[in-house]
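The report below goes through charge pairs, strand pairing and nonpolar packing in one protein model. Please keep the sequence and the coordinates at hand while reading.

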Amino acid sequence: MRWHGVVALLVAVAAAAPRAGHAQDSTPAADKVFAAEELDEHPSVLSRPPLDYPDSLRHAGIEGRIMLRVVIDTLGRPDPASLQVIESGDSGLVAAAKEFALGTTFRPGRRHGQAVRTWVKLPVVFDVVPPLPHGVYREGQVDEKPRILVQPRLRYPPQLFEQGVQGRVIVGAIIDSTGRVDPGSVTVLKSPNSDFDDVCIDYVLHARYRPGKLGGHAVSVFMRIPIDFKIRH
């Protein structure tokens with residue numbers, strides 16, 4: 001199976017609401033919204049919905065973090081009317097981030113043993129590289145990156161060649177400690193045209209590498225492998 005190449009991370013972080021927005025102490029507890037420093041127990045995530053990563057952005061390799069702020073009510077539900085975007089990367093990710101946040105359920109915050117309405121910050125991260133299995137390193141974590149030893153022939157898709165379509169495809173793959181590519185890890189992270197994808201996956205699967213090293217020992221490394229298609233005249 002290929003990795004979907006998508007992973008989302010959402011962590012609830014209690015955040016103080018602006019001082020000007022705080023209700024007075026006389027406000028009924030059922031209506032007041034509390035900040036982190038006022039709670040005995042912060043809200044915590046119970047469940048998350050699937051993240052709808054827009055295919056066009058994922059395929060283009062567009063990643064980013066959307067930071068939201070929202071009130072979690074006494075039942076642990078995000079209040080849609082309070083939802084705010086306080087930090088945004090690509091605007092195309094915002095709608096998916098909001099839907100993801102509003103579909104998340106929480107254990108509500110507590111003050112003096114009672115569930116209360118609470119402001120939280122919710123970072124929603126869109127990452128085309130999935131979490132790595134135990135024992136697999138990223139390129140920046142090793143002393144020596146894998147190096148290609150056997151480079152297979154790259155086939156230019158005929159229809160794209162005839163149309164003059166060029167570009168760079170980025171393929172993600174784990175190179176294991178023997179220098180072989182883990183077939184289940186191969187995924188296209190970025191591509192100018194989907195007709196390049198199968199050719200690039202086949203190319204990576206037939207390549208052989210000198211394995212990466214950490215502390216003098218061969219280790220498995222996740223690589224971003226660029227493959228260029230250029231028409232030479």
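Which residue forms a salt bridge with glutamate 38, and how far apart are the closest N and O atoms? The partner is lysine 32, and the closest N and O atoms of the two residues are 3.8 Å apart.

## Basis of the model

The model is predicted, so that local features need pLDDT of at least 70 and side-chain atom pairs count only at pLDDT 80 or more, while totals for chains, interfaces and linings use all residues. Residues are numbered from 1 along each chain as its sequence is written, and side-chain values use heavy atoms, with hydrogens and water left out.

## Overall composition

The protein chain has four helices and 16 strands, where helices (H or I, at least four residues) and strands (E, at least two) are DSSP runs numbered from the N terminus. Of its 233 residues, 41% are buried; buried means under 20% relative accessible area, exposed over 50%, and partly exposed in between (1.4 Å probe, protein chains only).

The accessible surface of the chain comes to about 12700 Å², of which 49% belongs to carbon and sulfur atoms, with areas taken from the Shrake-Rupley method with a 1.4 Å probe, and for residues only the protein chains shown count as cover. Among contacts (heavy atoms within 4.5 Å) between residues at least 6 apart in sequence, 77% join residues at least 24 apart.

## Salt bridges

Six salt bridges are found in the structure, each being a side-chain nitrogen of Lys or Arg within 4 Å of a carboxyl oxygen of Asp or Glu. In the pair named at the outset, glutamate 38 and lysine 32 are both buried.

Arginine 65 forms a salt bridge with glutamate 87, with the closest N and O atoms 2.9 Å apart. This pair links distant parts of the chain, since arginine 65 lies in strand 5 (residues 64–72) and glutamate 87 in strand 6 (residues 84–87), 22 residues apart. Arginine 65 counts as partly exposed at 35% relative accessibility, and glutamate 87 likewise at 34%.

A further salt bridge joins the side chains of arginine 168 and aspartate 228 at 2.6 Å, N to O. Here too distant parts of the chain are linked, with arginine 168 in strand 12 (residues 167–175) and aspartate 228 in strand 16 (residues 217–229), 60 residues apart. Arginine 168 is partly exposed at 45% relative accessibility, as is aspartate 228 with a relative accessible area of 34%.

## Strand 12 and its partners

Strand 12 is largely enclosed by the rest of the structure, because seven of its nine residues are buried. Strand 12 runs antiparallel to strand 16, to which nine bridges join it, and it also pairs in the antiparallel sense with strand 13 (residues 187–190) over three bridges; two strands pair if DSSP finds at least two bridges between them. Glycine 172 has a bridge partner in each of these strands: arginine 224 in strand 16 and threonine 187 in strand 13.

## Nonpolar cores

The largest nonpolar core has 26 residues, and those with the most contacts inside it are Ile66, Leu68, Leu122, Val124 and Phe126. Such a core is a set of buried Ala, Val, Leu, Ile, Met, Phe, Trp, Tyr and Cys residues joined through side-chain atoms within 4.5 Å. Strand 5, helix 2 (94–102), strand 9 (114–127) and strand 12 each give two or more residues to this core, and helix 2 gives the most, with five.

Leaving aside neighbours within four places in sequence, leucine 68 is in contact with residues including Val85, Ala97, Ala101 and Leu122. A second, separate core of 25 residues includes Val171, Val204, Val219 and Met223.
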